[in-house]
Each structure stands twice: as C-alpha cells, then as structure tokens.
Amino acid sequence: MKMDIFSRLISRKFRNIAGERYEEIAQRYREFLLLPEEFVLPEVSSILLPVDRFAHDIPEELYDTLGAYADASITLVYMIDRMAFHMIEQTLGKREAERLRAVEMERGEKILSRMVKGLEKIGLDVREKYILGNKSDEIIQLAADFDLLVISRSYGSEITKTSPMSPVVLKIVQHVDKPTIIY
C-alpha cells in the first residue's frame with residue numbers, strides 16, 4: 001500500500017518535468033525505491049556477528065537496532081587468520097606460532113566477554129565461537145545458517161580515509177544472500 005502511494009506521488013511529481021523519460025528514470029533508479037515486501041522487517045531468529053582484532057567495538061546505535069530482535073540468538077565468532085599463523089610458523093617456527101595463537105585467543109576471549117555483557121543486557125541469547133581460518137570464506141559459509149549478518153566495516157583489516165570499508169567486508173557482502181547490517 002505504501003509503495004503504491006509512493007509510486008503515485010513520484011509519477012505525479014515528475015510527470016510534467018520528465019515527460020516521456022519518466023519510465024526510463026524510474027527504471028534506472030528502481031534499486032533506490034523500496035518494493036512493498038522491503039517495507040517489512042524480515043523475521044530474524046539467528047544473527048551472526050563476526051569479530052576480529054580490527055573489529056571489536058559495538059556502537060550504542062547498533063545495540064538499539066539489535067534490541068528489535070530481542071528474541072533472537074546471536075553468535076559472536078572471533079576469527080583468527082590461519083594464513084598469518086602459517087606464515088609465522090614457516091618463518092619463526094612452530095613454537096612462536098603457538099605462542100602467538102595463545103595471545104590471539106586470549107585477546108578474543110577478552111573482546112567477546114565484553115561484547116557478551118552488552119548483548120545480554122538487551123535480551124539476546126549470546127553464543128561464542130572461535131575459528132582459525134580464512135576470514136572471508138568462513139563467514140560466507142557460516143552466514144548461510146543465519147537470518148542476519150552484522151559486520152563491522154573494519155572487519156578483516158584497518159580502514160583508511162581512502163578505503164572506508166575493509167576489502168574483506170566487501171567480499172563477504174558480495175557473496176552473502178542474507179540481510180546484512182554494516183556498522
């Protein structure tokens with residue numbers, strides 16, 4: 001119903017301005033116009049939130065948004081890059097790689113425990129998971145089992161002025177068919 005109102009409003013507004021080009025304009029910009037089914041929030045019972053050393057703080061606004069899904073369960077996944085450990089093992093030895101892995105796991109436990117407290121406050125059922133693997137491929141595979149993906153724009157690497165979103169996040173978003181919140 002709302003979409004019908006918006007369509008009529010747009011056609012009335014641009015009828016005399018665009019003339020015969022209205023259909024062409026509407027076709028080009030259709031991805032910016034919401035369809036009726038897009039006005040409805042999707043049913044969400046499970047949320048995936050990947051975290052790593054670059055993406056570990058949840059802004060207050062995101063807590064407010066996630067609060068809309070208070071009956072959902074959220075799985076926090078702390079990702080550790082397997083390739084980095086493989087390279088360290090090859091150059092510095094297995095002992096150094098294991099020591100670095102222990103340090104990274106300790107960091108992950110601290111980060112997740114802090115996040116769990118905040119998410120439980122808003123009524124979410126929180127689960128924790130630690131994965132050593134490829135940061136993009138693992139999340140793409142995991143996302144298939146969840147209703148919503150929530151990911152930081154700095155997941156996978158630091159962001160810069162020229163690159164406001166991590167290339168890892170871009171790859172994930174391009175390969176995931178689920179609704180996604182990027183914060």
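Q: Against which elements do the buried residues of α6 pack?
A: This is a predicted model in which residues are numbered from 1 along each chain as its sequence is written, local features need pLDDT of at least 70, side-chain atom pairs count only at pLDDT 80 or more, and totals for chains, interfaces and linings use all residues. Side-chain values use heavy atoms, with hydrogens and water left out. With contact taken as heavy atoms within 4.5 Å, and with helices (H or I, at least four residues) and strands (E, at least two) taken as DSSP runs numbered from the N terminus, the buried residues of α6 pack against β1, β2, β3, β4 and α7 (167-175).

Q: What arc around the axis do the buried residues of α6 cover?
A: In α6, which spans residues 135-143, Lys135, Ser136, Ile139, Ile140, Leu142 and Ala143 are buried. These residues lie on the same side of α6 because the arc they cover around the axis is only 165°. Buried means under 20% relative accessible area, exposed over 50% and partly exposed in between, with a 1.4 Å probe and protein chains only, while the arc is that of the directions from the helix axis to the C-beta atoms; the value for α6 is 165°.

Q: Which strands stand at the edges of the sheet?
A: The open sheet has 5 strands in the order β3-β2-β1-β4-β5, with parallel pairing. One side of each edge strand is left without a neighbour in the sheet, because each has a single partner strand, and these are β3 (125-133) and β5 (180-182).

Q: Which residue in β4 stands opposite Leu48?
A: Strands β1 and β4 run parallel and are joined by 2 bridges, and two strands pair if DSSP finds at least two bridges between them. On its other pairing, β4 (residues 148-151) is joined to the parallel β5 by 3 bridges, with Thr180 of β5 as the residue opposite Leu149. The residue of β4 that stands opposite Leu48 is likewise Leu149.

Q: Which residues of β4 point the other way from Leu148 and Val150?
A: The four residues named for β4 are all buried, and they point to two sides of the strand. Leu148 and Val150 point one way, and the residues that point the other way are Leu149 and Ile151.

Q: Why does Ser46 count as buried, and at what relative accessibility?
A: Ser46 lies in strand β1. Leaving aside residues up to four places away in sequence, Ser46 touches Ala72, Ser73, Asp145, Phe146, Asp147 and Leu148. Ser46 counts as buried because its relative accessibility is 11%.

Q: At what angle to β2 does helix α5 run?
A: Axes are lines fitted to C-alpha atoms, for helices over the stretch in contact, and angles run from 0 to 180 degrees between N-to-C directions. Helix α4 (residues 82-92) lies across β2 (73-81) and β3, running at about 25° to β2. Helix α5 (residues 94-121) lies across β1 (46-51), β2 and β3, and its angle to β2 is about 160°.

Q: How far apart are the axes of α4 and α5?
A: From α4, Phe85, Ile88, Glu89 and Leu92 take part in the contact, meeting Lys94, Glu96, Ala97, Leu100, Arg101 and Glu104 in α5. The two helices pack at an angle of about 145°, and the distance between their axes is 7 Å.

Q: What percentage of the residues of the protein count as buried?
A: The protein holds 7 helices and 5 strands, which run α-α-β-α-β-α-α-β-α-β-α-β from the N terminus on. Among contacts with a separation of 6 or more, 77% are between residues 24 or more positions apart. Of the 183 residues, the share that counts as buried is 33%.
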